Amino acid sequence: MTADTRELRQLARALERNLVEAEAGMTAIVTRGALNVKTDWRKSAERTAGRHARLYPRSISYDVVPIPGGAQAEIGPDKTRVQGPLGNILEYGTSRQAGHNDGGRALLAEAPRFAAAVTALTARLGRL
């Protein structure tokens with residue numbers, strides 16, 4: 001058994017012993033990450049949407065859903081809000097115009113912060 005395998009097994013045991021705290025911690029991390037992505041996406045969309053889609057950035061929202069082990073988030077334009085249905089066109093483009101990829105950039109910007117928060121949580125739970 002390698003050192004990495006031993007560490008992973010120790011971490012798994014620590015997480016099992018602290019499952020409630022691990023789930024609460026992951027829910028908090030996912031919620032903070034979703035808020036950060038939404039905020040960055042809105043800021044980027046305000047710069048790229050142009051005058052014809054000036055209300056589009058306000059349609060970007062997020063929902064966090066608890067799942068076993070933590071939570072999942074859905075982030076993006078809400079099609080029930082004003083100009084929300086423009087999301088696919090603005091984000092991915094059409095045959096005549098390239099997409100803006102505001103959401104993709106926001107997600108990439110959040111990835112290192114999210115990973116660092118998960119690493120800190122697992123390290124803390126591993127010490128308990």
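**Salt bridges, a buried lysine and a pocket**

Modeller: The structure holds five salt bridges. The term means a side-chain nitrogen of Lys or Arg within 4 Å of a carboxyl oxygen of Asp or Glu. This is a predicted model, where local features need pLDDT of at least 70 and side-chain atom pairs count only at pLDDT 80 or more, while totals for chains, interfaces and linings use all residues. Residues are numbered from 1 along each chain as its sequence is written, and side-chain values use heavy atoms, with hydrogens and water left out.

Biologist: What makes Asp40 and Arg113 a salt bridge?

Modeller: Their side chains come to 3.3 Å, N to O. The limit is 4 Å, so the pair qualifies. The pair links distant parts of the chain: Asp40 sits in helix α2 and Arg113 in helix α4, 73 residues apart. Helices here are DSSP runs (H or I, at least four residues), strands likewise (E, at least two), and both are numbered from the N terminus.

Biologist: Why is Asp40 called partly exposed?

Modeller: Its relative accessible area is 25%. Buried means under 20%, exposed over 50%, and partly exposed in between (1.4 Å probe, protein chains only), so 25% falls in the middle class. Arg113, with 40%, is partly exposed too.

Biologist: Which residues are linked in a network with Arg113?

Modeller: Asp40 and Glu110 are linked with Arg113 in a network of salt bridges. Glu110 and Arg113 have their closest N and O atoms 2.7 Å apart. These two are three residues apart in helix α4, so about one helical turn separates them.

Biologist: Is Glu110 buried or exposed?

Modeller: Buried: its relative accessible area is 5%.

Biologist: How do you know that Arg105 and Asp102 form a salt bridge?

Modeller: Their closest N and O atoms are 2.6 Å apart. Both lie in helix α4, three residues apart, about one turn of the helix. Arg105 is partly exposed at 40%. Asp102 has 1% relative accessibility, so it counts as buried.

Biologist: What is the nearest side chain of opposite charge to Lys38?

Modeller: Glu46, 10 Å away. Lys and Arg count as positive, Asp and Glu as negative; His and the chain ends are not counted. Lys38 is buried, yet it has no salt bridge. Lys38 lies in helix α2, residues 19–48.

Biologist: Which residues does Lys38 touch?

Modeller: Ile60, Ser61, Tyr62 and Ile75, not counting residues up to four places away in sequence. Contact means heavy atoms within 4.5 Å.

Biologist: What makes a space a pocket?

Modeller: A 1 Å grid is laid over the protein atoms alone, and a pocket is an open set of points where a 1.4 Å probe fits, with protein on both sides within 12 Å along at least five of seven lines. Lining residues have an atom within 4 Å of a point. The largest pocket has 21 of them, and Trp41, Glu74, Ile75, Gly76 and Pro77 lie nearest its centre.

Biologist: Which element supplies the largest share of that lining?

Modeller: Strand β2, with five residues. Elements α2, β1 (60–67), β2 (70–77), α3 (87–92) and α4 (102–127) each supply at least two.
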